[in-house]
Amino acid sequence: MRADGKNLTGHAGVVLLRKVADRVGLATVLSAALPKGTGPGWRDRGMALVQLACAIVLGATNILEAEQLQHHWKSLFPRPVSDSTLRRTLEAIDGPVAARIERVRAVVRRMVWTLLALRPGGFPWIAVCGRELTGWYVLDLDATIVTCSSKKEGAAGTFKGSFGHMPLGAWVANTRECVAMLLRPGNAPPNDVDDHKSVLASAFRQLPLPLWSKLLIRTDGAAFSHDVLGHLQSLTTSRRRVRWVTGWAINDADEKAIARLPEKVWTAALRQDGQLHEIKGPDGEWLSYQVAELTGVRDLTGWPQGMRLIVRRVKPSRRDAKKLTAFEKRTGWRYQIVATNIPSHQGLSGVPGSGQVWFVDALYRDHAEVEDRVKAIKRVGLGLLPSKSWQFNAAWVLAATLAADLDAWTRLLLLHDEPELAAAEPETIRRKLYHLPARLTSHARRRTLHLDRTWPWAAAFTAAWKRATELPART
């Protein structure tokens, strides 16, 4: 073994991240938003934050790891940013600076969405039950628990019995971008209306929506409250149509309404591919999920005008046996209710059949994909808050959302024809693409990065690099 190699790169995938960041002008706009200094040793804070975001995408969980990871690609970018500079960069991100960063992120996102619309497949629209929601931008909200083992500022006991923080985030289902993330104490209520208003306002400022846009908001049952639903209902304006679908906490009045439903109104539920949603029962028989309209039976006085309730039932599994209510034990079914303002006669504009109960049920269940987005961002920076300071951790959360943006943009713009990589988990894409070793050579004023010719994803890497070089640079 000899330690005599030259110009070796351990994480060659960083060139894709940096190239995308350079083309969309991320470092430039961040530099304009962050405080500036003077002196020969001053490092550009925008570039420092981009370097940190790249390190987070590649697996860094704290400032020290971010500094050390930069030495893996020192042959490509010879001036690594020290941990002290990265720390000072995050310490400078207070409330006003974070607001400026939010504004410049929206500017960059508008350019990225323009590039997405120019792709061969166009802007990505989600599909439910085989129906594409063309023209509808889908926003998913969800909270998650970030545990910690020490007394950090804002850490508290959570409703699940753990200890830590409970940030609330918003993701665009079309692009899988995390457009807003609010750091909250661990004991924050899941259905706090002020927190939801804040996250939704931040998300709306990030979305480059056209005039007369169509937006669908989905939340789970933990966020259910009268005030939250009232706020969702108030988001529709003369230039923006907002539909929402959310879980509903079942009470005695709901169970009495369900008991009055005749058997003939129940219809089969569908999977996301449009097939019957069935499960195998305890005796080996196939049991189908069933849905029905509850709106005309349940008294909705005082709730948002036009709100509908869709009830879903299924034969309970052994795991659910201990959670059943007396009503569910008596009927032999387990029930769930979905609330929405999607009208039954019109549905979602341009989507046939989207007002039917089976479609609304499938549309709400598609919200479960946000759990994958939560797991992904917890593996890209949010899984560990590195400081005892609330301000520093809030800045770290912002850096993690920037890293998630950069990762999403790289997949959307460079890997859209490689579904195996575009939808890969963070660990998978790191192993296949980002952590690829390479060797850098120079000849005739040209630098060449040499990859292993036998690497299964080498062709995908070179194709992604070619697309990155062809992206128009932001002026």
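**Helix packing, cysteines and an open sheet**

Arg45, Ala48, Leu49 and Leu52 in α3 meet Thr85, Leu86, Arg88, Thr89 and Leu90 in α5, where contact means heavy atoms within 4.5 Å. By class, this contact of α3 with α5 comprises five nonpolar, two polar and two charged residues (Ala, Val, Leu, Ile, Met, Phe, Trp, Tyr, Cys and Pro count as nonpolar, Asp, Glu, Lys and Arg as charged, and the others, Gly among them, as polar). The model is predicted, with local features requiring pLDDT of at least 70 and side-chain atom pairs pLDDT 80 or more, while totals for chains, interfaces and linings use all residues. Residues are numbered from 1 along each chain as its sequence is written, and side-chain values use heavy atoms, without hydrogens and water.

Helix α3 (residues 45–57) and helix α5 (residues 83–91) pack at an angle of about 105°, and their axes lie 10 Å apart. This angle makes α3 roughly perpendicular to α5 (65 to 115 degrees).

The count of disulfides (pairs of cysteine sulfur atoms within 2.5 Å) is zero. Cysteine 148 is in no disulfide, and the nearest cysteine sulfur, that of cysteine 178, is 20 Å away.

Three strands form an open sheet in the order β1-β18-β19, with antiparallel pairing (strands pair if DSSP finds at least two bridges between them). β1 (8–9) and β19 (446–451) stand at the edges, each with a single partner strand, so one side of each has no neighbour in the sheet. Strand β18 (residues 438–443) is joined to β19 by six bridges. Serine 442 stands opposite arginine 447 in β19.

Conventions. Axes are lines fitted to C-alpha atoms, for helices over the stretch in contact, and angles run from 0 to 180 degrees between N-to-C directions. Helices (H or I, at least four residues) and strands (E, at least two) are DSSP runs, numbered from the N terminus. Angles under 35 degrees count as roughly parallel, over 145 as roughly antiparallel, 65 to 115 as roughly perpendicular and the rest as oblique.
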